[in-house]
Amino acid sequence: MSDLSLEAHRLAVADCHVLPLHGIGKRGCTCGRKCPSPGKHPRLPNGLHDASGDPQQVLTWWSRWPNANIGIRTGHVGRGLFVIDVDGAEGEETLLELQRRYGRLPETRWARTGSGGWHAYFAMPDVALGNSTGKLGPHVDTRGDDGYVVAPPSRHHTGGTYAWHNRTPVADLPAWVVGLLRPPPPVVRPVRLRGNVDNYAAAALAAECREVETAVPGTRNHALNAAAFAIGSLVGAGRLQESTARLSLLAAALTCGLGEVEAERTIASGLTAGARHPREVVA
């Protein structure tokens, strides 16, 4: 077995959800095209949604593609991982400034990327956090729900290799990172109606479900969280049954491609938060 096969299997045994990525061959990315993301995009038809924590499935994939790079899916799947991606010296300076301002990061698992950057691995918090680019600061990105990262010992197109810096157990993501990344709750304004209040609530639920169903990859969890918060405000006002809201939102989430477990968590969190801010709806 290749080093890539062995590590992919080890990660699956550890309950990480992994997926084979295109590798780097003599002519560049093994996809054979003029590739904007060589060695980083999935081989599987459904991309990160095909990631698996089944060690036997992983062995089957790497038996077929022994030189495939390794992707680890992040977010509320498997053991649940959240990764801070630090790009170069600029990213390191940003991360140092964040720690000076908010507090040091705890000891956790780190990997050196093939381009000379860093990946810091944390436990996924029990809130909906998607992917971000530069939200924490210049050259610092994050990967959560609907995301994945390239894992060691994958090969970079520049000739470098991803490598584990340590094998420290992953730590909880600091609260200050969650606070900086978590989107603020939508502002719920009072609504004054001329018609039937129950009709308004039903129409609002249908509209929020449509927003979720049509959300594009990378925004789906955020859209679901926002919809659940908005509908939760109607549940809190006694205008909708929670069970009706939960089932409708879950159906919309599954339609747009979200996993059932992560969707249920996001819905529960959003409905609970929204119910704390009941929407004033008067006829």
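Which helix gives the most to the lining of the second largest pocket, and with how many residues?

Analyst: The model is predicted, so local features need pLDDT of at least 70 and side-chain atom pairs count only at pLDDT 80 or more, whereas totals for chains, interfaces and linings use all residues. Residues are numbered from 1 along each chain as its sequence is written, and side-chain values use heavy atoms, without hydrogens or water.

The helix in question is helix 3 (residues 88–102), which supplies four residues to the lining of the second largest pocket. Helices (H or I, at least four residues) and strands (E, at least two) are DSSP runs numbered from the N terminus. On a 1 Å grid over the protein atoms alone, a pocket is an open set of points with protein on both sides within 12 Å along at least five of seven lines, a cavity is a set where a 1.4 Å probe fits but cannot get out, and lining residues have an atom within 4 Å of a point.

The volume of the second largest pocket is about 300 Å³; a volume is the space filled by probe spheres set on the points, which are joined across faces, edges and corners. Its lining consists of Val 86, Glu 92, Leu 95, Leu 96, Gln 99, Arg 104, Leu 105, Pro 106, Glu 107, Trp 110 and Trp 118. Seven residues of this lining are nonpolar, one is polar and three are charged. Here Ala, Val, Leu, Ile, Met, Phe, Trp, Tyr, Cys and Pro count as nonpolar, Asp, Glu, Lys and Arg as charged, and the others, Gly among them, as polar.

Strand 10 provides the largest share, namely three residues. By class, the lining of the largest pocket has five nonpolar, six polar and five charged residues.

The peptide bond from Pro 152 to Pro 153 is cis, with omega near 0°.

The structure holds one cavity of 30 Å³ or more, and about 70 Å³ of space lies in the largest cavity. Among the residues lining the largest cavity are Arg 10, Leu 11, Ala 14, Cys 16, Tyr 121 and Trp 164. The lining of the largest cavity comprises eight nonpolar, no polar and three charged residues.

Asp 15 belongs to the loop between helix 1 and strand 1 (18–21). This residue has a positive phi of about 70°, although it is not a glycine.

The axes of helix 1 (residues 3–13) and helix 2 (residues 55–64) come within 9 Å and cross at roughly 165°. Helix 1 is therefore roughly antiparallel to helix 2. Axes are lines fitted to C-alpha atoms, for helices over the stretch in contact, and angles run from 0 to 180 degrees between N-to-C directions; under 35 degrees counts as roughly parallel, over 145 as roughly antiparallel, 65 to 115 as roughly perpendicular and the rest as oblique. In contact (heavy atoms within 4.5 Å), Leu 4, Ser 5, Ala 8, His 9, Ala 12 and Val 13 of helix 1 meet Pro 55, Val 58, Leu 59 and Trp 62 of helix 2. This contact has eight nonpolar, two polar and no charged residues.

Helix 8 has two packing partners to describe. Helix 7 (residues 242–256) and helix 8 (residues 260–275) pack at about 140°, with their axes 10 Å apart, and they are therefore oblique to each other. The residues that meet include Leu 249 and Leu 250 in helix 7 and Ile 267 and Leu 271 in helix 8. This contact divides into nine nonpolar, no polar and four charged residues. The axes of helix 6 (residues 220–236) and helix 8 come within 6 Å and cross at roughly 40°, which makes helix 6 oblique to helix 8. Residues that meet here include Gly 232 and Gly 236 in helix 6 and Gly 270 and Gly 274 in helix 8. By class, the contact of helix 6 with helix 8 has nine nonpolar, eight polar and one charged residues.
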